[in-house]
2 protein chains.
Amino acid sequence: MNIAVDAMGGDHAPGVIVQGALWAQPELGVDITLVGDQDLIRRELSRGGGIGNGIQIHHCSQMVAMDESPMKVLRKKKDASIMVAFDLAKRGKAEAVVSAGNSGATIGAAVLTVGRIKGVERPALAVIFPGAKGNVVLIDVGANVDTKPRQLFEFGIMGDIFTHSLLNIDNPRVGILNIGQEGGKGNEQVRIAHDLFKKGPFNFIGNVEGRDIFSGDVQVIVSDGFVGNVAVKLTEGMAETMGIMFEREMSKGLISRFGFWLIRRAFEKFKSNIDYAECGGALLLGVKGVGVICHGISSPKAIKNAIRTARDFVIKGVQDRLEEGLAKFQSKAFNETDAM
Amino acid sequence: MNIAVDAMGGDHAPGVIVQGALWAQPELGVDITLVGDQDLIRRELSRGGGIGNGIQIHHCSQMVAMDESPMKVLRKKKDASIMVAFDLAKRGKAEAVVSAGNSGATIGAAVLTVGRIKGVERPALAVIFPGAKGNVVLIDVGANVDTKPRQLFEFGIMGDIFTHSLLNIDNPRVGILNIGQEGGKGNEQVRIAHDLFKKGPFNFIGNVEGRDIFSGDVQVIVSDGFVGNVAVKLTEGMAETMGIMFEREMSKGLISRFGFWLIRRAFEKFKSNIDYAECGGALLLGVKGVGVICHGISSPKAIKNAIRTARDFVIKGVQDRLEEGLAKFQSKAFNETDAM
């Protein structure tokens, strides 16, 4: 298996990206193609211990900056690293793409290059949250805003298949993120979606609320990308702030400092349990290829984890399950209402 | 000062409500009027140590259940406890209202009874989050969905005045909750709002993201009520889940158990620092009266804290500042664009 990694994408590219690839390759047993400026990549490779078996460079001359407007740029920059990475996937030279670059550009490059799965209006981003009772998948976390009810319904189908086939959860419980549990609650978008979801080919349990993202009583939570993006960034900010406040409180007296020293290992374990970066990034669902989108500020460890997630996605055949599931849904001509 | 407390509102009313009032009255030095069924309230009062000076009962015959549809019910139930509580405020018999009941009904009762402040299209709910660098106010957390840009703008004005006059923060930094910092980001609602906010009578710093709710780099965050409601419930769920996971991890070995025992006081302190229930509830802004809306599941301590927040709101004259500020804004005839 070969995974194409966008070496030029991310706030600290190509340094941390190359480092993550160097850690991932021996540990995960996959080949990695680093896509980007070969001189820069070579320099980082030699810094990190030199190029070994299983790591190749695929040179390209352009890149998309983090603050560039994706759609304007992509049509001009055909040789941008993220375009080239997805082109490798399209030509069967790579099984998956991993990027910590401009996420709008990554989604755009996927759509322009490998294209959407037939019938999918909008690809979506899914993340896996750790919960007290197990993992919870939130979809969409920012690929779309102003999502239509029909598109939310597609997210439900994709989220269900993804959760079942990647996380091995049978018949996952699917909910719509809303501000109350009753059917009539929320904005127009989710009120219409609620009626559609009742007819869905999945285990729809109704509306869920913000607190359920961590409860574990629901395994797939469907949301407009605006709301999902706020939610995912909020949890990051909260985890970080709580960590700072916790350590500050623990350093206030001799006894608690000693106590904190005693629990430091368990505390590190706890932190890695709640770190959603453990799966490395968000999964791009609905395109004809496998894409993992990491944070711009990803560490080498997060890049390594993203490569692992991409590998598992491929090994478990999640992409085939998605395409089959969506085809089945299309063939049923689920177009009963204009509201969709 | 007299504060009207809806004794019938909340999942565990009137028990915890009466208990909270009994704690609040001597500690905070305010008079409290418990509104509701006098027999039930009397029973709880005698259980809690008996009625003392400073606590009165105002009997009424009806109540709104947690799951009743507010607008249908309020016009019929003129003698519902929440209607009667706001009526006391309207007639000058109480300076503020506190309720842990059906929040839609509380907002509806306020609008029907004391009415909106002149020119305010939509009252909004504000909560105060603790952050690593100080408090952050999020407005709206669920009074409205499908909010128009002009209404978001009003939330900005109210949030600014509230933060300045209740929390003593001079010239607070005001941001719009969005999925990226650049002006063109987000859904239509926030893109238009971004242009309006630039002309606002406050210190607008642009878009902020989910993680900024805890960063403390912005003090007022304006949001549609749908997104704000998801955010506030998410933080509650996450704090709870992290607490469970933390304690689980800490109990796994003798050393960490001992360490955890040593830090237990600092840990309790930390938990109360991050507990947004410390301010007791959400503030209803934009109506001609002071209202604090608590969680249905509020503890007596949360009720007491809500009564304190209501008291501070009155002492600091926040209501007058809001009415003055909104009047000034109206007189400027800020109606330059249809988009509002």
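Colleague: How many of the residues of strand E5 (residues 124-129) of chain B are buried?

Modeller: Six of the six residues of E5(B) are buried, and the strand is mostly covered. A residue is called buried if 20 or more other C-beta atoms lie within 10 Å of its own, exposed if 12 or fewer do, and partly exposed in between, with the C-beta atoms placed from the backbone. Helices (H or I, at least four residues) and strands (E, at least two) are DSSP runs, numbered from the N terminus. This is a predicted model, in which local features need pLDDT of at least 70 and side-chain atom pairs count only at pLDDT 80 or more, while totals for chains, interfaces and linings use all residues. Residues are numbered from 1 along each chain as its sequence is written, and chains are lettered from A and ligands numbered from 1 in the order in which they are written.

Colleague: Which residues point one way from E5(B), and which the other way?

Modeller: In a regular strand the side chains alternate between the two faces of the sheet. Here Ala124(B), Ala126(B) and Ile128(B) point one way, whereas Leu125(B), Val127(B) and Phe129(B) point the other way, and all are buried.

Colleague: Which strands pair with E5(B)?

Modeller: Two strands pair if DSSP finds at least two bridges between them. E5(B) runs antiparallel to strand E10 (residues 282-285) of chain B, to which three bridges join it, and Ala126(B) stands opposite Leu283(B) there. With strand E6 (residues 136-139) of chain B, E5(B) pairs over four bridges, also in the antiparallel sense, and Phe129(B) faces Val136(B). The hairpin of E5(B) and E6(B) has six residues between the strands, and in this hairpin Gly134(B) takes a positive phi near 125 degrees.

Colleague: In which sense do strand E1 (residues 2-6) of chain B and E2(B) pair, parallel or antiparallel?

Modeller: E1(B) and E2(B) pair in the parallel sense, over five bridges, with Asp6(B) opposite Val35(B). Five of the six residues of E2(B) (residues 31-36) are buried, so this strand is largely enclosed by the rest of the structure.

Colleague: Which residues have the most contacts inside the largest nonpolar core?

Modeller: A nonpolar core is a set of buried Ala, Val, Leu, Ile, Met, Phe, Trp, Tyr and Cys residues joined through C-beta atoms within 7 Å. The largest one has 236 residues, and those with the most contacts inside it are Val5, Ala126 and Leu138 of chain A and Val5, Ala126 and Leu138 of chain B. Two residues are in contact if their C-beta atoms, placed from the backbone, lie within 7 Å. Leaving out residues up to four places away in sequence, Ala126(A) touches, among others, Val137(A), Leu138(A), Phe162(A) and Leu283(A).

Colleague: Why is helix H5 (residues 103-113) of chain A said to be largely enclosed?

Modeller: H5(A) is largely enclosed by the rest of the structure because 10 of its 11 residues are buried. Among them are Ser103(A), Ile107(A) and Thr113(A). The elements that cover the buried residues include helix H3 (70-74), helix H4 (81-90) and strand E4 (96-99) of chain A. Just after H5(A), Gly115(A) takes a positive phi of about 85 degrees.

Colleague: What rotation superposes chain A on chain B?

Modeller: Two copies of a chain are related by a rotation about an axis and a shift along it. Here a rotation of 180 degrees, with 0.0 Å of shift along its axis, superposes chain A on chain B (RMSD 0.0 Å). That is the relation of a two-fold axis. The copies are superposed by least squares on the C-alpha atoms of residues with pLDDT of at least 70 in both. Gly259(A) comes closest to the rotation axis of the residues of chain A, at 2.0 Å (C-alpha).
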